[in-house]
Amino acid sequence: MGTLVIHPGEIGAASEREAVITELTPEQAKKRAAAVARGDFSELNDAEVMLELKAGNLQAFDVLLNKYRKQIIHFMFRMVHNQAVAEELAQEVFLRVYRSRETYRAEARFSTWLYRIATNLGVNHARDTRYERSAQTVYLDDPDPETGTRPDVADDTPNVEADILRDERMKAIRDHVMALPERQRTAVLMHKYEGLDYKQIGEVLKLSESATKSLLFRAYQTLREKLKDFV
């Protein structure tokens, strides 16, 4: 089992350290180490779990995989619109997490680092397959593969006219979201569908929080203009 003592060189700014690593008294550290030895990671945040993996505790990888696998598959599905490809890319995301364990540095929240890996893979896939996708229909509002629910659909009334209007609205939303410039599109997917806040999105895209707000403002302004007939 590894130690939770972090070398100062592994930590970024003081404010980031406070957010990522929990300061412990020797007694608390001993109690936590005993819990981890029993396979109980409940007192560790994600970055600390990742540091356990870095130290050689392979149980830590299962903890992270179980916590984030569905989220990452959903995120990749929103980016690539194909369930099988989304699962393959999600598998690659976690493979990269595992391969990077020895060089991992707790400089930001683990989820930020994870979504950055996922975003890079999704963007690369989109670029590599853009000619194939040009002939495909995208389904941003497809039912959730796990729950069967639609993220934007609130009207379940069994009314033909309402169904037609809803389908037209959803098609317009997905078409215009997917037509956004790449960074705007990625930011909207993370903000709208993954629930990431401005700071997290900015860290993934390597933008300041204010630049992220500006990026999303432009994206939503474009969407409002394009979708004004549906409001």
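Which residues in the largest nonpolar core touch the most other members?

A: Keep in mind that this is a predicted model. The largest nonpolar core has 54 residues, and I72, M76, F110 and L114 are the ones that touch the most other members. Several helices give two or more residues to this core, among them α3, α4, α5 (83–99) and α6 (110–128). The top contributor is α4, with 11 residues.

Let's zoom in on M76. Leaving out residues up to four places away in sequence, M76 touches H81, A86, L89, A90, A118, L121 and G122.

Now for the rings. There are 5 aromatic pairs in the structure. In one of them, F61 and Y98 have ring centres 5.4 Å apart and planes at 70°, so this pair counts as edge-to-face. F61 sits in helix α4 and Y98 in helix α5, so the pair ties together parts 37 residues apart in sequence. F61 is buried, at 16% relative accessible area, while Y98 is partly exposed at 27%. Y98 has another neighbour too: R101 lies over its face, 4.0 Å from the ring centre.

Another pair brings us back to F110. Its ring and that of Y68 have centres 5.6 Å apart and planes at 55°, so they make a tilted pair. Here Y68 in helix α4 is linked with F110 in helix α6, 42 residues away. Both Y68 and F110 are buried, and together with Y104 and W113 they form one aromatic cluster.

Conventions:
Residues numbered from 1 in each chain as written. Predicted model: local features only at pLDDT ≥ 70, side-chain atom pairs only at ≥ 80, totals over all residues. Heavy atoms only, no water. Core = buried A, V, L, I, M, F, W, Y, C linked by side-chain atoms within 4.5 Å. Buried < 20%, exposed > 50% of the residue type's maximum accessible area, 1.4 Å probe, protein only. Helix = DSSP H or I, 4+ residues; strand = E, 2+ residues; numbered from the N terminus. Contact = heavy atoms within 4.5 Å. Phe/Tyr/Trp six-rings, centres within 6.5 Å; stacked < 30°, edge-to-face > 60°. Lys NZ or Arg CZ within 6 Å of the ring centre and 35° of its normal.
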